[in-house]
Amino acid sequence: MAKRDFYEVLEVSRDAGADEIKKAYRKKAVQFHPDKNPDDASAEEKFKEVGEAYEVLSDDQKRSAYDQMGHAAFEQSGGGGGFHGGAVDPFDLFNQVFGGGATGGGGGIFEQFFGGGGRRDPSGAQRGSDLRYDMEIDFDEAVLGCEKKITLTKLAECDSCDGNGASPGSGRKRCGTCNGQGQVVAQRGFFRMQQTCPSCEGMGQVLEKPCRSCRGSGRAEKKSKVILKVPAGVDTGTRLRSANNGEAGVRGGGNGDLYVVLHVRPHEIFDRDEDDLICEVPISFITAALGGELKVPTMTGSASIKIPAGTQSGTTFRLKGRGVKSIQGYGTGDLNVKVNVEVPAKLNKEQKAKLQEFADLCGDDVNPQSKSFFEKAKNLFS
């Protein structure tokens, strides 16, 4: 399904200022927050959509790229299955904007807007936690993209109770402590306080017979395999999000997300400078002096460079478009080949004689850089 325009998602004009965008996000985030819509899967998707729109439009650099190229500016940011490279967790973003310290589904922050302490979802469903996984990949995998298989142990839906926390054949009953209200009243002197029921944790119901395998949580530890599509152009520190591959929710709640943080191993030949590749190649003294054709490696095969006669050591040749594909969709970098002239070593007697003969034939004009340098430095020698 095609993504909606981010300005349309937040219902702001394309020239809206930062304050207006933030105000629109706050309104929408509160409206679609999963804690306010516990049984509405579409509301959670809208909550994530609002967070993604705000993440882009609240950042000047990302907004500029989006204004120029739309969603295409971020199409290379992640692979299939809901990946979005470097994306901020929508719940973390919610907490950051509203300035609270709650985690997961909102917690204390959400209570500020909806008067916490009320009765919770009788099913006890809660969204699962997000997970982080650090993964090393090879240099060529980062440059060209790849597919990786991840195996991790996480809390998944309990097979015995299908995630609802109750033993087969049993269900739920009204909490005897709060009589199904989810709250109890405590009287302390002149003060009368209402608080969450400690027996049912505000749900108003308790399990008749908790599942023995998961002790009523609806979750159990299992090994899980996730196929991760790594887009071309990632680098160390890139974070990919795999939607719904975090921990399972409590008693049938929605799954959290899996965030994979990449660490790229160094390459034997290539270095990287943003989207450009750098390669240092030795060339012979003869090739540097007389010129010739040099065959150099690239990430996708080999290429040829014409070496002009008289090429000096340290000269860099650029091969356009043979670098790294931009993960932001801005094209492909270049390959910069730096040639280093290799001085002949381990010469035999005949080779030394021939080289000396060549040196005797050379005048100052053969080495113009040396001539210029020593003319500038002659006063220092005297």
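Arg 132 is exposed here, with a relative accessible area of 59%, and please keep in mind that we're looking at a predicted model. What does Arg 132 form a salt bridge with? The partner is Asp 134, and their closest N and O atoms are 2.9 Å apart. Asp 134 is partly exposed, at a relative accessible area of 39%.

Let's stay with charged side chains for a moment. Side chains of opposite charge can pair when their charged atoms come close. In this model the count comes to 22 salt bridges. Another one joins Asp 130 and Arg 127, at 3.0 Å from N to O. Asp 130 is partly exposed, with a relative accessible area of 26%. Both residues also belong to a network of salt bridges that links Glu 44, Lys 48, Arg 127, Asp 130, Arg 241 and Asp 257.

One more pair for you: Asp 275 and Arg 272 meet through their side chains in a salt bridge, 3.9 Å from N to O. Asp 275 counts as partly exposed at 27% relative accessibility, and Arg 272 counts as partly exposed at 22%.

Now, on to the sheet. Four strands make an open sheet with mixed pairing, in the order β10-β11-β15-β14. β10, residues 270-273, and β14, residues 316-319, are at the edges with a single partner strand each, so one side of each has no neighbour in the sheet. From one strand to the next, the twist averages 30 degrees.

And how many bridges join β11 to β15? Eight, with residues 276-284 of β11 running parallel to residues 335-342 of β15. If you'd like a spot to look at, find Ile 278, which stands opposite Asn 336 in β15.

How values were computed. Residues are numbered from 1 along each chain as its sequence is written. This is a predicted model: local features need pLDDT of at least 70, side-chain atom pairs count only at pLDDT 80 or more; totals for chains, interfaces and linings use all residues. Side-chain values use heavy atoms; hydrogens and water are left out. Two strands pair if DSSP finds at least two bridges between them. Helices (H or I, at least four residues) and strands (E, at least two) are DSSP runs, numbered from the N terminus. Axes are lines fitted to C-alpha atoms, for helices over the stretch in contact, and angles run from 0 to 180 degrees between N-to-C directions. A salt bridge is a side-chain nitrogen of Lys or Arg within 4 Å of a carboxyl oxygen of Asp or Glu. Buried means under 20% relative accessible area, exposed over 50%, partly exposed in between (1.4 Å probe, protein chains only).
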